[in-house]
Each structure stands twice: as structure tokens, then as C-alpha cells.
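Here is a short walk through one protein model, taken helix by helix and then out into the loops. Keep the viewer open as you read.

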Amino acid sequence: MSDERLKLLCVDDEPRVVHGLERHLRERFEVLTATSGAAGIDCVKEHKDLAIVISDMRMPEMDGAVFLRHVHHVRPNAVRILLTGHADIQAAIKAINQGQVFRFLTKPCPPDELLAVMDEAQRQYELITAERHLLQQTLVGSIKALADIMSLANPAVMGKAVRLKRTVCAIAKEMQLERRWQVEAAALFSQLGSLSLPAATVRKLARAGPLEEQESREVRRAVRAANRLIAQVPRLEPVSRLLDVALGVEAGETADDTERSLVSLLQLAIELDSLESRDIGIAAALKAMRERNAYAEQLLDAAERVVARSHEAVLRSTVLITGLRVGMVLDEDLETQRGVVVAPRGCEVTPSFLQHISQFVEQIQRESVTVLETPACG
């Protein structure tokens with residue numbers, strides 16, 4: 001069992017019950033309290049690291065089952081426990097069967113029984129957290145490896161994907177969004193459909209140029225096929241849904257506030273990248289978006305802060321191609337003497353990139369290239 005005290009929320013419309021729970025649990029948990037479902041939801045939204053939620057079943061305006069369903073949507077990893085009277089046992093069983101509740105306790109609940117269930121709840125939360133971290137690390141590592149392989153297949157297409165991933169990652173961290181790995185994966189996979197498109201169409205997309213009607217249909221088909229492929233990979237279904245909504249290839253609604261934020265973030269990153277490809281500065285692009293109310297103020301504010309910091313922290317320099325190091329980012333295309341793009345602007349230098357580029361050193365028409373790097377890069 002972890003030595004760190006987990007956050008626990010107790011919700012009951014009777015203050016004496018809340019105080020009793022707090023008295024028994026405060027030595028082992030950081031206890032938060034609320035005396036209504038609405039106040040409990042506000043608390044759940046405020047505390048992103050909430051581990052356990054205990055709620056009474058019978059409360060005015062919002063009963064415990066409905067409240068815990070809200071908790072499930074906002075904080076799906078929080079372990080949920082329902083307090084019931086004997087008359088509410090059927091409702092409690094229904095809530096458990098619907099998958100919304102981990103355990104239920106009948107009132108009055110003896111302290112030893114309460115503490116035993118809390119032990120189980122803490123172990124359940126730690127198990128969920130450990131599984132989530134392992135899953136994310138495994139998925140993110142696999143996604144990055146796949147992106148490296150796709151970069152070898154079409155550097156120009158994947159260069160854009162890597163730029164998008166870098167943008168959404170920075171802004172998502174600034175906003176402290178949950179499930180950030182989903183939007184990072186969506187950014188990397190957002191260009192997967194382009195790998196099956198004709199080279200001429202890909203070049204138009206890279207320049208954000210206008211497409212013919214037939215080309216637009218081909219792009220939609222390619223994106224739809226790529227998203228269906230992603231959806232077949234276990235645990236990547238949310239990524240596929242993000243792409244469907246963000247790229248507009250399928251009609252659909254987002255599941256919750258976090259998913260809506262992730263969709264908007266990906267759309268903003270795609271639009272910024274397109275505007276940059278037309279030599280429109282990021283500052284001017286963000287100003288135009290703000291003027292037309294294209295995105296939420298919170299998202300635009302976060303993007304502007306990220307841009308301001310990146311301008312201060314990023315160092316631009318010119319290095320020999322043979323002197324490229326892992327972590328650097330190309331600030332211009334690398335082309336062969338025949339004009340074939342070997343690595344695009346925005347491409348991050350990785351071990352596989354260095355192996356790939358070593359095969360073209362003699363064919364590249366320059367000896368040095370402009371790169372961007374943060375102080376931590378070296």
C-alpha cells in the first residue's frame with residue numbers, strides 16, 4: 001500500500017454523516033466533503049487527482065447513483081462507493097450492475113467495515129493507476145515506433161504529423177488536459193491516410209493548396225480508411241473517434257468535456273500548421289482565430305503562452321548533417337540533388353532518423369542544415 005495519502009471525497013446531504021466519515025478516514029486519506037451532488041461535481045472537476053468518491057444514495061435534486069455516473073464521466077479512474085439505507089439496496093445493486101459503482105455500504109456502517117472497504121478501494125485505485133501508466137507507456141512507445149517506420153516510407157507526410165504532435169503536446173501540457181496521450185497519438189496518425197494518396201495530392205496538402213473535387217473525395221476516403229484501421233487496434237478506439245470528429249470525415253459527437261477540448265486542440269494545431277505553410281506567422285494566425293471566435297479563449301491563451309515560451313527557449317543554429325544529434329528538430333527540408341525530400345522541416349532527429357539519413361548523405365545537396373533545439377537537447 002502506498003504511503004502517500006490519496007484524496008477522498010465524501011458526499012451526503014446530512015452534515016453529521018459527512019463529518020462522521022471524515023473523522024474515521026482523515027488519518028489515512030486527504031478527505032474532501034460536499035453536502036449536495038452539485039457541490040460534489042464541482043469538487044470532482046477541481047481535483048484531478050481524486051482517488052475515491054463516497055456518496056449517499058438518497059439526496060435531494062440528485063441521487064447518489066446519478067451523481068456517481070457524473071463522476072464516472074469526469075474522473076473515470078476514481079473508485080466509486082455508494083452509501084445506502086436498507087430500502088435502497090435494489091437501487092444499489094442496479095448501480096453496481098451498470099458498472100458505475102465499486103462497492104456499496106449500508107447505513108449505519110460500522111467503522112471496521114468502512115475501513116476494510118477503504119482498503120479495497122485504495123488497492124483498486126492503485127491497480128487502475130498502475131495499469132493505466134503501463135498501458136500508456138506501451139501504447140505511446142508502440143505509436144512512436146510506428147511513426148518512425150512511417151517516416152521512412154514518406155518523410156514529408158510524417159514530418160507534418162510530427163509537427164502536429166509537438167504542438168498538441170505542448171499546449172495540452174500547458175492546459176493540464178487529461179488523456180493527453182490520445183491527442184498526441186491522434187496528431188501522429190492524422191496524416192496516415194496521406195500515405196495512400198498520389199504524390200501530387202500530397203504536395204497540394206503540404207502547401208495547403210486547393211483540391212479538385214475528385215482529389216477531395218480521395219482524401220476523405222483515405223482518411224476514413226486510415227481511421228477505421230486505427231479503430232481496430234485495441235485501446236486506440238478513442239484516438240480513432242478524435243480523428244473522425246476533428247477531421248470531419250464522420251458525423252459524431254464528443255463524449256465529454258475533455259474529449260471536446262482534445263478535438264479543438266487537434267483542429268487548432270492542424271490549422272496553425274496549414275497557415276505556417278503559407279508563410280503566415282503563428283502570432284498573426286492566433287490573432288485571426290481569436291477575432292473570428294474560432295476556438296475557446298482558454299485554448300488560444302494557452303497556445304499563445306506556449307508560442308511565447310518557445311520563442312524564448314528554442315535555439316536556432318546551423319550544424320553539419322554529420323553532426324545532427326538526437327532531439328534536434330530540422331528547421332528546413334533536406335533534399336537530394338534531384339529535389340526529393342529526404343527529411344522535412346519539423347522532423348525530429350531520432351536514432352532511426354540518423355540511420356535513415358546516413359544512407360543519403362552523399363546525395364543531399366548541402367553539407368549543413370538549420371536546426372532548432374532547446375537547452376535540454378544538448
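This is a predicted model: local features need pLDDT of at least 70, side-chain atom pairs count only at pLDDT 80 or more; totals for chains, interfaces and linings use all residues.

**Helix packing and local details**

Residues are numbered from 1 along each chain as its sequence is written, and side-chain values use heavy atoms, leaving out hydrogens and water.

Let us stay with that first pair. Two packed helices are described by the angle between their axes and the distance between the axes. The axes of α11 (residues 257-277) and α12 (residues 282-291) cross at roughly 130° and come within 10 Å. Axes here are lines fitted to C-alpha atoms, for helices over the stretch in contact, with angles running from 0 to 180 degrees between N-to-C directions. The helices themselves (H or I, at least four residues) and the strands (E, at least two) are DSSP runs, numbered from the N terminus.

On the α11 side, Leu268, Glu271, Leu272, Leu275 and Glu276 meet Ile282, Ala285, Leu286 and Met289 of α12, with contact meaning heavy atoms within 4.5 Å. By class, this contact of α11 with α12 has seven nonpolar, no polar and two charged residues; Ala, Val, Leu, Ile, Met, Phe, Trp, Tyr, Cys and Pro count as nonpolar, Asp, Glu, Lys and Arg as charged, and the others, Gly among them, as polar.

Now move to α7, which packs against α10 (residues 237-247) at about 60°, with the axes 9 Å apart. These two helices are therefore oblique to each other, and their crossing is right-handed. Trp181, Gln182, Val183, Ala185, Ala186 and Phe189 of α7 meet Pro238, Val239, Leu242 and Leu243 of α10. The contact of α7 with α10 has nine nonpolar, one polar and no charged residues.

α7 also packs with α11, at an angle of about 35° and with axes 10 Å apart. Gln182, Val183, Ala186 and Ala187 of α7 make this contact with Leu262, Leu265 and Leu266 of α11.

What about the loops? Most residues other than glycine have a negative phi, and most peptide bonds are trans. Gln176, in the loop between α6 (155-175) and α7 (180-189), has a positive phi near 55°. A cis peptide bond with omega of about -5° joins Lys107 and Pro108, and Pro108 is found in the loop between β5 (103-106) and α5 (111-153).

Methods. Angles under 35 degrees count as roughly parallel, over 145 as roughly antiparallel, 65 to 115 as roughly perpendicular and the rest as oblique. A crossing is left-handed if the near helix is turned anticlockwise from the far one by less than a right angle, and right-handed if clockwise.
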